[in-house]
Amino acid sequence: MPFIPHTDQDIQKMLDVIGVDSIDQLFDEIPSHLRAKVLDKVPNGLSEMEMMRRLSERSQQDAGALCFIGAGAYEHHIPAAVWDVATRGEFMTAYTPYQAEASQGTLQLIYEYQSMMCQLTGLDVSNASLYDGASGLAEATLMAIRANRKSKSRKVLVASSVHPLYQKTVTSIVTNQGIHLENLALDDEALSVDSEALSAHEGQDYAALVIQQPNFYGSLEDVNILTDWAHQHGMLVIAVVNPTALALLSPPSEWGTEGADIAVGDGQPLGLPLASGGPYFGFICCKNKLVRQMPGRIIGRTVDLDGKEGFTLTLQAREQHIRRSKATSNICTNQGLAVTAATIYLTLVGYEGLSRVAQACHENASKLAGKINALDGFKVLGSGLFFHEFVIEVPGTAEAVLAEMANNNVLGGIDLSCFDKGAPNRILACVTEVKTERDLEAYVQSIVHAAQADAVHNKGAA
Amino acid sequence: MSNIPGELKYLSSHEWVRVESDGVTVTVGVTDHAQELLGDVVFVELPEVDADLAAGDEAGVVESVKAASDIFSPIGGVVIAINEDLEDSPELVNSDPYDDGWFFKLKISDADELAALLDAEAYTDICEAEDH
């Protein structure tokens, strides 16, 4: 039996019954200017053999180099047991169970996941996960607009130190709903929000303030001051956080006097490999009073008719199959397999293990920053308060230095100018617990060598 | 047959309206018929006090174990009180829809709008038609 159930004859029969000539004709009511053009950049299909060959060649591009790139995805040690357990037949599904109540094991796992995310963020409720951190922030933005009933505004204030790709994703998703993002200015010396700039936004109505901690530049924001300021001015506070960092930093629930209202982030650091960019998962947690505006699935613990413990999908009146067009979100799934891995990772390392990972990241990053600051011509920018990522000012251009380092098999970070987030001589570098003293020395040698090579090259050109 | 008090006014979307003795304050809730259709009510979202509503505006949501329905303002006015007891005891909507289960009170802006509401007889016809 073929996997595709409809033969050409089947299709023709159906078309005959409804009286149209072709499938294309069914789309006639969509105006032609709105219809997709021919997708000329998408190549033709490949055989399995050709596809495997091409992907294994591509995967070589990511292999072997010493990676100091962070900027939203982080290289951490993943205990071998994580994926051994996650890929067992009992767990191996990418999807939310449709016969939810018949899938008690999956529901229990998601319930444990939600409980762990609540412990990490300090907030009351977590959902079963979202696609990734960036789309999670878009969901949080929409949620805040709905939930902030004191504000009539469809404007959200976003610290300009929030990841530029997150900002771009949110803009793509919310603009057509008439929601606008405005930026809160950056203090270019501290590489964090300019607290002097806050007053410029007073007296305006915003539904929410978005703060990232640690921010895109790796720096720590003064989240207490920002949270209290936002609450005083009628805004909800959306925290974008790194789950590893939460083992060391204050949880969003403790920011300022009242705590952040919603916390989101990308779950990749919790046991997911970099894998050339995905799949990862997003998490979202909130205060109990906002739960009815939460997007996505939520698993609850309950008892059955015999009084035995069981797990169930709960608060479904928020969702599409009940609320239709007024559902809180079109999300009706979760990133099942990624969440399974993260739950196993957190279970294995435990709270103390995660704290030690976070501590080791911070120590390694501080060591490298110290070594770089000691070099002539190089400087670590910012206030000096960072977690595991920081900005380096290099002699010459970041682009040339990074290219030369890559020739030397060291991926030295990202060139901030490619995000339009700084001068062309700034590199954002990240150091996690996987790096050894020898790796840090290799970085230093590589960046010094690269800057010298670039200088010689420029002299030659002049 | 559900209880449809003769002294109240109604909307076809199953809200009831009681005009209080001052003639400018109205109390709004959902009917006995509505609570029967909804089943056990687990949550009620109410408007903000001071919200200025027009007739037909969404004023809240009533959520039961099997459904969620919008509540519409039957008439234009400013919200002067909400039933805070519903936050902890949403089941009042089931047990006492016309009294303890009220939703919100409005100071109405135009008493002429009351004429557009249904009387008990017209509302009874609508419920009966729905039942068939």
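**Exercise 1. Describe how helix H4 (residues 104-121) of chain A and helix H9 (residues 336-373) of chain A pack.**

Solution. The axes of the two helices come within 10 Å and cross at roughly 60°, where axes are lines fitted to C-alpha atoms, for helices over the stretch in contact, and angles run from 0 to 180 degrees between N-to-C directions. Angles under 35 degrees count as roughly parallel, over 145 as roughly antiparallel, 65 to 115 as roughly perpendicular and the rest as oblique; H4(A) and H9(A) are therefore oblique to each other. Helices here are DSSP runs (H or I, at least four residues), numbered from the N terminus.

Next, list the residues in contact, meaning that their C-beta atoms, placed from the backbone, lie within 7 Å. H4(A) contributes A:Leu109, A:Ile110, A:Glu112, A:Tyr113 and A:Met116, while H9(A) contributes A:Val339, A:Thr340, A:Ala342, A:Thr343 and A:Leu346. By class, this contact has seven nonpolar, two polar and one charged residues, with Ala, Val, Leu, Ile, Met, Phe, Trp, Tyr, Cys and Pro counted as nonpolar, Asp, Glu, Lys and Arg as charged, and the others, Gly among them, as polar.

The model is predicted, so local features need pLDDT of at least 70 and side-chain atom pairs pLDDT 80 or more, whereas totals for chains, interfaces and linings use all residues. Residues are numbered from 1 along each chain as its sequence is written, and chains are lettered from A and ligands numbered from 1 in the order in which they are written.

**Exercise 2. Characterise the contact between chain A and chain B.**

Solution. Five residues come from chain A and six residues from chain B. On the chain A side, two are nonpolar, none polar and three charged.

Conventions
Two residues are in contact if their C-beta atoms, placed from the backbone, lie within 7 Å.
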